[in-house]
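Subject: Handing over the structure

Hi there,

Here is the structure I promised to pass on to you. Have a look at it first, and then read on for what turned up in it.

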2 protein chains.
Amino acid sequence: MTHQREVILEELKRLRTHPTADELYEIVKKRLPRISLATVYRNLEQLSAAGIIQKLDFVGRQMRYDGDISKHSHIRCVECGSVADVRINPIQGIDQAVIDACGYKVLDYHLDFLGLCPICLLKKHRDN
Amino acid sequence: MTHQREVILEELKRLRTHPTADELYEIVKKRLPRISLATVYRNLEQLSAAGIIQKLDFVGRQMRYDGDISKHSHIRCVECGSVADVRINPIQGIDQAVIDACGYKVLDYHLDFLGLCPICLLKKHRDN
DNA sequence: TCTTAATTAAGAATTTTTCTCAAGTCAAGA
DNA sequence: TCTTGACTTGAGAAAAATTCTTAATTAAGA
């Protein structure tokens, strides 16, 4: 475990914002000013391959990362792109329903939401 | 409605493969050899903004497009990236549960799956 | 048929991510 | 402590996906 990897993991676990690689790079740079963006990408890739963090590859074009690997849903604001956690009970018996419906074997599922965050909701109300 | 847009929409509606912009470009090019990739992107963007098609921006880094705008789930093969439809009953009362959990207003949700398609499942069995 | 506003093709530019490689670091054994 | 070899880093180049720019063309209404 290199120092760089340690700091990347530490900062990601501390954040609750599901940062992009670039956002995390800017934050880590405050502690390690000489770190390179490729190092951030490389370590995020390895940490998620090892199951230590989660790569959110279903929240739009850009990857986001989550230091919390417990199973939970996300909601993304369609206005500002912010992502929040949503704790919802797992759906029972869904795997078999999918195999029956399409023949694929289910490894995982994501129940994710699109919506408006409290701030953007307020803005909309003001504008109308 | 330009001829290009007509052909793009027609081919997308015909396909059941949730193509990427590039895949659709290759298919449309057989009918319109001089069409440019940017035209395909531009029209897919406009058609999805108009609600005539669906942009799948939660299936990985690359966007995919679906000519079927009826509400349904998708499953993506982790090996080959193929995407199939899954018809599952809508989840009751989920909107209120989310507002309670995180304060965001729900506009839409996606219940999507990761798994293995029948072909890759077979390959895995052969390799082991 | 004109007019004009929208759309096109082509390529440049941008954005996000991955790759390359020389130099640096680490861990374990001699 | 020194050496060795494998792993990792920083920096920039490259790749992949998408968007933008521009002059030319086309669609659609008057």
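How many salt bridges does the structure hold over all chains? There are 18, where a salt bridge is a side-chain nitrogen of Lys or Arg within 4 Å of a carboxyl oxygen of Asp or Glu. Side chains of opposite charge can pair when their charged atoms come close.

Before the details, some notes on reading them. This is a predicted model, in which local features need pLDDT of at least 70 and side-chain atom pairs count only at pLDDT 80 or more, while totals for chains, interfaces and linings use all residues. Residues are numbered from 1 along each chain as its sequence is written, chains are lettered from A and ligands numbered from 1 in the order in which they are written, and side-chain values use heavy atoms, with hydrogens and water left out.

Let me begin with the place where the chains meet. Contact (heavy atoms within 4.5 Å) joins 40 residues of chain B to 40 residues of chain A. The buried area between them is about 3100 Å², with 70% of it from carbon and sulfur atoms; buried area is the accessible area (1.4 Å probe) that two parts lose on being put together, summed over both. On the chain B side, Y104(B), F113(B) and L114(B) lose the most area to chain A, together 20% of what that side buries.

The interface also has 12 residue pairs in polar contact, both residues being at pLDDT 80 or more. A polar contact is a pair of N or O atoms within 3.5 Å; within protein, one must be able to donate a hydrogen and the other to accept it, and residues adjacent in sequence count only if both atoms are side-chain atoms. Strand β5(B) supplies the largest share of the side of chain B that touches chain A, namely 12 residues. Helices (H or I, at least four residues) and strands (E, at least two) are DSSP runs, numbered from the N terminus.

Between chain B and chain A the count is 2 salt bridges. R76(A) forms a salt bridge with D57(B), and their closest N and O atoms are 3.2 Å apart. R76(A) is found in strand β3 of chain A and is buried, with a relative accessible area of 17%. Buried means under 20% relative accessible area, exposed over 50%, and partly exposed in between (1.4 Å probe, protein chains only). Not counting residues up to four places away in sequence, R76(A) touches residues of both chains, including V59(A), F113(A), D57(B) and Y104(B).

Next, the nonpolar core, which is a set of buried Ala, Val, Leu, Ile, Met, Phe, Trp, Tyr and Cys residues joined through side-chain atoms within 4.5 Å. The largest one has 29 residues, and I75(A), V98(A), F113(A), I75(B) and F113(B) touch the most other members. The elements that give two or more residues to this core are β3, β4, α4 and β5 of chain A together with β3, β4, α4 and β5 of chain B. Leaving aside neighbours within four places in sequence, I75(B) is in contact with residues that include V98(A), C102(A), V86(B) and F113(B).

Some salt bridges lie within a chain. The side chains of D68(A) and R87(A) meet in one at 2.8 Å, N to O. This pair links distant parts of the chain, with D68(A) in the loop between β2 and β3 of chain A and R87(A) in the loop between β4 and α4 of chain A, 19 residues apart. D108(A) pairs with K71(A), the closest N and O atoms being 3.0 Å apart. In chain A, E10(A), E11(A), R14(A) and R31(A) are linked in a network of salt bridges.

Finally, here are two polar side chains in chain B. R64(B) lies in strand β2 of chain B and counts as buried at 13% relative accessibility. A polar atom of the R64(B) side chain is 2.9 Å from the backbone oxygen of H18(B). N43(B), in helix α3 of chain B, is buried at 3% relative accessibility. The N43(B) side chain reaches the backbone oxygen of T39(B) at 2.8 Å.
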